[in-house]
Amino acid sequence: MKISNLLFIIYVMSLCSCNDDHSNTPSPLGVDDKTFWIEDGISLPEHDSLFYLEHPSPLFRKTFQIKQSIKSASLSITAAGYYKASINGQGIDKNVLDPAWTDFSKRIYYSEYDVTSVIQEGDNCLGVSLGNGFYNPLPMKKWGRRNMREDMKVGKPVFIAKLRIHYKNGDSEIIVSDDSWKWTSGPIMKNDIYIGVAYNANNELAGWDQPGYDDTLWQAATIGHPPGGKLVKTFFPPVEIVKEITPVNTYSPDKGVWVVDMGVNFTGTYKIKLSGDQGDTITFRFGERIYEDGNVNPMTTVAGQIKRKGVGGPGAPDIAWQMDSYIVGDKTDQWFSPDFTYHTYRYMEITGLKEKPEKDDIKGLFMHTNVTNDNHFTSSSGLLNLIQDATERTFLSNLVSVQSDCPAREKFGYGGDLNATSEAFIYNFEMQSFYRKTIYDWIDAMKDSSFVDTAPFAGIEYCGISWESAYLITQYYLYLYYNDTDIIKELYTLNTDWMEKVAMIHPEGIVDAGLSDHESLEPVPVQLTGTCHYLQCARIMKTFAGVMGKEDDVKKYEALADKLKNQIKAEFWDKPYKGKINKQTLFSTLLYHYIIPIEEIPAARDSLLMAVKNGPSGHFNTGIFGTKYVLETLAEYGGPNAVYDIVNSTAYPGWGFMIDQGATTIWETWKESDNTFSNNHPMFGTVTEWYYRWLAGIHPDPDHPGFKEFYLTPTTPEGLDSVNCTYHSPYGPIISNWKKTSAEHYRYEITVPDGSKANIVLPLSKSVSVSIINAEGKNLSDEIDGLQTGQFSLPAGEYLISVAPTKE
């Protein structure tokens, strides 16, 4: 069966699988003989240039009466595009940029809200405003060639809603979206997910979403064209405004120009109190950096590298920077916050204000998918802590319903970045439901005879297997970290068919096309990294076949893995590689993927150590994959200080160099960029994986997925005095804290959650003794087998372990 046919089958399975509580019941929101997708009835422009003119966002309202006592009321709602909903003038929940971005022709997520408390006896009004989102993007040609209107399924923004009201007497009532709703144009004159919002306060309609408003001049809503996707109830966290950021400074670099410094680079919008004369235009522009003269530098956040006239196509701005505008109405001191867009910035430029903006009148609004953020890592190194803060901020900035590679220039969900960083994200945040959504995005994006680079699909397909394999590799990490076997069972048939596609594209085994170690400072052939990803997928499928009890498939994928391993070994280890190659990526990749025979690992280790020593400043020169691999393998084979001394340094290239140059998020490149490359890019955030895996020592055990058993192997590099780390596993929090109290004296505080078991390896020197007490103060030193060797196991509990020199 072709994968194109199978996609539909698996797609349906993902919506109705009995294993998933988010998809095991029919959608209560859907088109029927009473409920419809509705819109304003205005046709989309016929020519690209016309999209850049004003097209006011529509406002919709529906009035209804309540004559009985209510027991409960719930609203199910979604849109193709973005929506905001309110009842009686009160916004519903905290969600922004809803619904999540998907291929709207295949899958659309809806939200369901308990609105019992906002419905009143008598007259009520349900209000909805619509934005374009990713469903109605501008026809900007990114890089002069990629037009999202041609690359994606797009259309006129529409919404669908159903309000269910249950009365105390047992009666019920349903209010649905249909042509009985009324609409008019609102104050948002333009809205685009990349280049921002134009708002005219003179067009505000006070009380438009409240009962009693005179809507006699409003028009009847139009039954719109359904986007086509299956409606699925949202099962992952929404995008929310998670934090308000107070500016650290405001200043004027030029007459009439004000710059607001938020102190950190982040993703979101802002709220600001504005005043002026009616008709004044106030303009906002955003950037990650400033020039030497203090003016905002917007160039690292320009959409699609559109930086000169004609590149973006007819009607496109000469420079597609992030920009909002506000026309002052008849009210003074009015707060403004743009809807239906998000920016990436540290610095905000404001023109058109007559007076200096006060810091108390401006707040940055950090918005992202609100993943649970209970894990934490801190250490005695201030630099390591700043790197951790910057990494977390970068990760969250790139979680806006998809995991993006950069939150301004592209906003796309690239698979290569996912493969590089998904474990690092999992160590920092609860990612299970988000990554399930991501996998479904890949199902909807994939083709039957070629690889795609992003999910949702955005027209880009040149990076190859190292990008699309995120579909399978992400499934494995859900299994490894959460013991999610349901996803394996749900998608196993599609997974096997996907492997057949890979074999069709690369029949010889060796991957010979695609992008390799992106942003490596030296060349890396795709034959190395791409084939290793193919090998990784073969091994994953062997594991999945075992979960499914399919012994023939176990043998099949084991044979494929052996073949690929031998091919890689023959090409990159058994003989010198003839072309130019990044030796750090070479040796770390071979070690990471277990290509090298055990007896030859010392030679590979020495070669890796020499490659790192010969790197710039003795640092890493690796790219998107090589950095993950070199952090892991150098930590494993190079000793405790091999990685620490590099990370805890401000020399170029490195994370400390970024911080020393003022970075508050992680850069796309080792070299500082003030024009081309993003300053908010997750791929080098793999360093935080090393924090959790090696400094704190928390490792999942592949033989006991989901932390039923796990390894706890902290390392104590010279120069670092303490680590405090908590990771929330499916069984509960794992705590790994250690402190060097004096020379050769260490104290370890360990928590093993209920139902789990920890296999401990402590870094002991000679002539030390180890003692252990539990939370009740009981000395267990004589009860723990292997304690004095530093290799022992602990059941659930809280423990204090002391290591001290042996008394002579």
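Biologist: Is Glu689 buried or exposed?

Modeller: Happy to start there. In this predicted model, local features need pLDDT of at least 70, side-chain atom pairs count only at pLDDT 80 or more, and totals for chains, interfaces and linings use all residues. Residues are numbered from 1 along each chain as its sequence is written, and side-chain values use heavy atoms, with hydrogens and water left out. Buried means under 20% relative accessible area, exposed over 50%, and partly exposed in between, with a 1.4 Å probe and protein chains only; at a relative accessible area of 5%, Glu689 is buried.

Biologist: Which residue meets the side chain of Glu689 in a salt bridge at 3.9 Å, N to O?

Modeller: A salt bridge here is a side-chain nitrogen of Lys or Arg within 4 Å of a carboxyl oxygen of Asp or Glu. Both partners lie in helix 16, four residues apart, about one turn of the helix; helices (H or I, at least four residues) and strands (E, at least two) are DSSP runs, numbered from the N terminus. The partner is also buried, with a relative accessible area of 11%, and is Arg693.

Biologist: Which residues are linked with Glu689 and Arg693 in a network of salt bridges?

Modeller: Nice follow-up. Side chains of opposite charge can pair when their charged atoms come close. Besides Glu689 and Arg693, the network links Glu423, Lys628 and Glu632.

Biologist: How many residues apart in sequence are the parts that Glu672 and Arg289 tie together?

Modeller: Their side chains meet in a salt bridge of 2.5 Å, N to O. Glu672 is partly exposed at 30% relative accessible area, while Arg289 is buried at 16%. Glu672 lies in the loop between helix 15 (655-660) and helix 16 (687-695) and Arg289 in strand 22 (residues 289-290), so the parts tied together are apart in sequence by 383 residues.

Biologist: And which residue forms a salt bridge with Lys569?

Modeller: Lys569 counts as buried, at 18% relative accessibility. The closest N and O atoms are 2.9 Å apart, and the partner is Asp574.

Biologist: How many bridges join strand 35 to strand 37?

Modeller: Strand 37 covers residues 797-805 and runs antiparallel to strand 35. Ser771 stands opposite Ser802 in strand 37. The number of bridges joining strand 35 to strand 37 is seven.

Notes: Two strands pair if DSSP finds at least two bridges between them.
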